[in-house]
Amino acid sequence: MDAASVMPELALGPGVRLLAVGPAAVRDAWAGDIPALVEGVDEAIGALSPRDGAVVLVASEALGDDPVATVERLLEARPEAAVLVVDDGARSDAAALLGAGAQDVLQPGEVTGPNARTRLAAALVRRGLLRAAERRARRHELLNANASEGYAVLDAEGRILGGSPSGSDRDRVGDLSGNRFLEYVLPHDKQRLRTLFDAVASQPGATAETEAELLIDGRRKWVEATLSNLSNEESLGGIVVNYWEITARKEAERAVARNAALLDAVGQAVIATDREGTVRYWNPAAAELYGWSAEEAIGRRARDLIGTAGPEQLEEIYAKLGHGLPWSGELVLQRRNGKRFPAWVTNTPFYDNSGVVAGVVGVSSDITERREAEVRFQTAFEQSPIGLVVSDLEGRPTSVNPAICRMLGRSPQELVGRRWVEFGAPGDRPLGVAVLTGLDDATDTYSEERRYLRPDGSDVWLEVHVTKVRDALGAPLYYMAQMQDVTARKEAQAQLIHQALHDELTGLPNRAVLNQQLDAALAVGAMTGRRVGVAFIDLDGFKHVNDALGHVVGDKLLVQVGDRLASNIRLGDTVVRFGGDEYVLVCQDVTEETMVVLTEAVTAVMTAPYLAEGRVVDLHASVGITVSRADSTTDSLLSEADAAMYRAKELGRDRAVVFDDSLRDRSADLLESEQALRAALANDELSVHYQPIVTLTDGRPVGVEALVRWHSADGKVFMPGEFIPVAERSGLIVRLGAWVLERAATEVAGWNAAEPGRPPMWVAVNLSARQLGDQDLPSLVADVLQRSGLPPALLHLEITETVVMQDVNESIAVLNALKDIGVKLSIDDFGTGYSSLAYLRQLPVNVLKIDRSFVRDLGSDSGGASIVEAVLSLGKALGMTCLAEGVETPDQHAALKALSCPLGQGYLWSRPIPGADALRWLRSQPPLTP
């Protein structure tokens, strides 16, 4: 094999090659670092080009019987090579080898073993050989017309005979020929250059190196040049000036000089050392950090003043600096008093005029406080009760604390480095996707609640807050996530939502679901032609069952009825508890005939004998059936089924009746009730009663709720539940509601005027669905406030969830218009209807009234407390004040106070009472300090 073909291509710098020569021991030592080796000196001579700036690493065994002569022969053949002999002193005389021209004699340990290539590079840097070899290679290339550097051939008088210019002067060859080289040297340097040129010109073979500042075509430029007297060479016959431009380097040196004052003012310690590690520059910050003044430090070895790195770090530092690269890292250094401290250090090499490493500039700072802060952070990280996770920018955890491990039931090894999608609930959007979607260049925080799976199959809800952490320049570093277990709250909220959609006693869907199901079924029917059947089921005489067996047994029977109905309907059909002892069955894709058959089959199962408290109980039901037509609506179907059910009761109960046109006569009853209510409005048979609203901390009144009563001419008193439905169905509710609003606002405004020393009371007035749907409602409210003199902030308008959700968008528009007037808005009976939390957030509501059904179990049922707590948390999150209805016992009062509920009303303080009585009650209470 030709020697040149195995020449290793290990480059240590521009134009520099390393050639290893030696027997098997050397080859084995370098097998992992050098692609190929040569065995003998002759082969090395053949492998090296005369133009190579080579470093020849030769084992003493390869030098033969006369090592000195072999070195001389090698250098005679390849005079530009730097020869390093590897010898332990046993085979050769080091002094003789150095005298023969070897650059250095190295110990075997410097070039063998792990990382030998790196250590050799560091050794070459320390000895200044690497850059020297690069320079020799460059000088050979100066006679190449295509080289980036230039050369000029001068005669003995200094005239330019020819040459190859540098890149910036390449088109100036003809113009320069015949001129004296010294003409281009600036005046201040011309005499020095003339003396140097005369000295070289006087002796063939003489050389000299110099720097000079030239002026060519008005451009000043610095060059580094070598003058060689080659007049005895026939091919040249003159003095060769090899030069390369160093203007950029000189300008940089000037910049450093100009910035000396700036370096003195730098807040970090700046130390410059020469190649041997002797301090040449020491700024004031270094004096303050290490305790040595500049006068004491300059001229001494840096390692004697501040300590040094360990062997492994030194090897890494030398390797980087040897390749012209800066090194940064943490070192443990010391002050003058011997105290050691952690420092962050950046070392950068700088070069002398010949391009050899001249020394190192080190910038260092004390990071003790940062390390202590990291320790404090790590302690807080580990001990925090909140789950903490540090993730890389791809979302993979790099560090987790014990709290998150406990929450997820997993070890740190199971979490670190894995994607969070592995732990998320099936179907949920991965956290990483959510974070990257939620965060951008302008947003550094993201929050949401997420569900994760534990190894045992249980799930846990975590409230997640993710923060993008940036460095001082604003570049992202990592993500920090804080996670808190909110499973209990989520379960309470889920229970609350379930209760909003389901009957509390039977667990069946409630009216809200019924309306949704019917709306959806009718929409499908409009597209497909399929008809929807509704059966309204009412238990006959169930009041007598309650009276005979008690409400507890009655409730158990109602649950059993619901279970039988739900277990015997078709897939896709729905059974709903409408209220009391009423149920509604919704069947898809039926005719009147199939609806009758389905209803009979279900009611037959439902009315089979029951066993309650050891007694057999027979139940019967009256059923009204209707099937949709093209013009049917949810309201019309329920109205028709209800009318048919009442007809079944009239016919003797325990039977089913299908709605027909004859049942429309029932509207006459509605008309009669409507007329009676109109007369009541005209004859002033209505009155407003008031129930106080108090603060739960001290029981002092802050407002009242207005409740309407009907006192008929024959002395009977009708409660709202008895006549409000008539008003709703007839449309009189708008007129009735306006009357109540006017009366309540005027009366309460009068109370406040009569009691100027007390904080003014506010009054709450209920709104019906029809009122909320009336576009004139905001103007009506504004007129009432103006006439009564009641400030808008003292009027609270109450609406139920069900009313709002009938037409959410329209409700939001009307409520916003009311809010603009300045009145307050309340959600009444919260939790008994169904409202989307997403919509609830959009409502401009001030007060959230907790329904009495949730308050009832406080003090006796821990589950009730969880639900109330969830409502309070929801209200707080939405910025709403919570008010508990139906407070009747001291235990309920105490439980609400413990949960920090601010307001309440109920029989514990007062029943609804007429206006005059309400004013006397209010005056009997200690005033609330304004």
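1. **What you are looking at.** This is a predicted model, so local features need pLDDT of at least 70 and side-chain atom pairs count only at pLDDT 80 or more, while totals for chains, interfaces and linings use all residues. Residues are numbered from 1 along each chain as its sequence is written, and side-chain values use heavy atoms, with hydrogens and water left out.

2. **The chain overall.** The chain has 36 helices and 37 strands; these are DSSP runs numbered from the N terminus, with helices (H or I) of at least four residues and strands (E) of at least two. Of the 930 residues, 46% are buried (buried means under 20% relative accessible area, exposed over 50%, and partly exposed in between, with a 1.4 Å probe and protein chains only). Among contacts (heavy atoms within 4.5 Å) with a separation of 6 or more, 56% are between residues 24 or more positions apart.

3. Side chains of opposite charge can pair when their charged atoms come close. A salt bridge here is a side-chain nitrogen of Lys or Arg within 4 Å of a carboxyl oxygen of Asp or Glu, and by this rule the count comes to 29. One of them joins Asp 42 to Arg 73, with the closest N and O atoms 2.5 Å apart. This pair links distant parts of the chain, with Asp 42 in helix H2 (residues 41-47) and Arg 73 in helix H3, 31 residues apart. Asp 42 counts as exposed because its relative accessibility is 53%, whereas Arg 73, at 37%, is partly exposed.

4. **Two buried pairs.** Glu 705 forms a salt bridge with Lys 849, the closest N and O atoms being 3.2 Å apart. Here strand E29 (residues 701-711) holds Glu 705 and strand E34 (residues 847-850) holds Lys 849, 144 residues apart. Glu 705 has a relative accessibility of 5%, so it counts as buried, and Lys 849 is buried at 0%. Lys 649 likewise forms a salt bridge with Asp 540, at 2.9 Å between the closest N and O atoms. Lys 649 sits in helix H24 and Asp 540 in the loop between strand E21 (533-539) and helix H21 (542-549), 109 residues apart. Both Lys 649 and Asp 540 are buried.

5. Which residue in the loop between helix H24 (634-650) and strand E27 (656-658) deserves a look? In that loop is Asp 654, which has a positive phi of about 50° although it is not a glycine. At 45% relative accessibility, Asp 654 is partly exposed. Ser 900 also has a positive phi, near 65°, and lies in the loop between helix H35 (890-898) and strand E36 (903-904). With a relative accessible area of 60%, Ser 900 is exposed.

6. **A buried serine.** Ser 365 belongs to strand E15 (residues 357-366). Its relative accessible area is 19%, so Ser 365 counts as buried. Leaving aside residues up to four places away in sequence, Ser 365 touches Gln 268, Leu 289, Pro 342, Ala 343 and Trp 344.
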